[in-house]
Amino acid sequence: MDWRPGETDEGWHSQGILEEVQREPREARPPVHLPHRIHLMAGRVPQGADRIAVKAEMEAVFLENLRHAAGVLAQEDLVGLLEPINTRITDPQYFLDTPQQAAAILQKVGRPNLQLQMDIFHWQIMDGNLTGNIREFLPIVGHVQVAQVPGRGEPSSPGELNFPYLFQLLEDEGYKGFVG
């Protein structure tokens, strides 16, 4: 989803798309190709706050929001995706930063139309262990994104990751979805 500068801090993403989806009855909408998957952002740890001190409260709010979003999205046959974003380079304040944390949250929500978005760039930066993490979390992955580390370039660009190996691993493990 595209946003204007500064809006990533406002936490409008999930609520905005839900309001947009609910605005008009399905049959009144013009025929457009809507995405079948929507990235639901987790929000950011407030500036100056201790991540550990606010984790329980932030998780409780996120779980409540996800339960609500899952219900609305299910009515529209849509899947919500949770993407862990690295806190080392991209956004030090982003709440959801590892596949382990995202998987635990998905398990607590327990809705089949909420899945994990695997961004190999972020997973490599936060944890490495891509082979083990892909094998462990692939059953709950709804979309895969790729970019080379460290420069976030194309898979064919120079960097840390061996994309022929990773693409073969995804295929060998049975992934049938899109890779972006």
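**Notebook: α6 and its surroundings**

I started with the helix pair: the axes of α5 and α6 come within 11 Å and cross at roughly 20°. This is a predicted model, so I'm reading everything below as such. Angles under 35 degrees count as roughly parallel, and α5 and α6 therefore fall in that class. I also checked the hand of the α5/α6 crossing, and it is right-handed.

On the α5 side I get L130, T131, I134 and R135, which meet Y165, L166, L169 and L170 of α6.

Then I looked at α6 by itself. Which of its residues are buried? I find F163, L166, L169 and L170. They span an arc of only 120° around the axis, so they sit on the same side of α6. The face turned away from that buried side carries exposed P164, E171 and D172. I asked what covers the buried residues of α6, and the cover includes β3, α4, α5 and β4.

Last, the core. The largest nonpolar core has 46 residues, and I105, M118 and I120 have the most contacts inside it. I listed the elements that each supply at least two residues, and α6 (163-172) and α5 (130-137) are among them, along with β3 (114-119) and β4 (141-145). α2 gives the most, with 8 residues.

Setting aside neighbours within four places in sequence, I105 is in contact with E59, F62, L63, L66, L82, F95 and L96.

Definitions and conventions: Residues are numbered from 1 along each chain as its sequence is written. This is a predicted model: local features need pLDDT of at least 70, side-chain atom pairs count only at pLDDT 80 or more; totals for chains, interfaces and linings use all residues. Side-chain values use heavy atoms; hydrogens and water are left out. A nonpolar core is a set of buried Ala, Val, Leu, Ile, Met, Phe, Trp, Tyr and Cys residues joined through side-chain atoms within 4.5 Å. Buried means under 20% relative accessible area, exposed over 50%, partly exposed in between (1.4 Å probe, protein chains only). Helices (H or I, at least four residues) and strands (E, at least two) are DSSP runs, numbered from the N terminus. Contact means heavy atoms within 4.5 Å. The arc is that of the directions from the helix axis to the C-beta atoms. Axes are lines fitted to C-alpha atoms, for helices over the stretch in contact, and angles run from 0 to 180 degrees between N-to-C directions. Angles under 35 degrees count as roughly parallel, over 145 as roughly antiparallel, 65 to 115 as roughly perpendicular and the rest as oblique. A crossing is left-handed if the near helix is turned anticlockwise from the far one by less than a right angle, and right-handed if clockwise.
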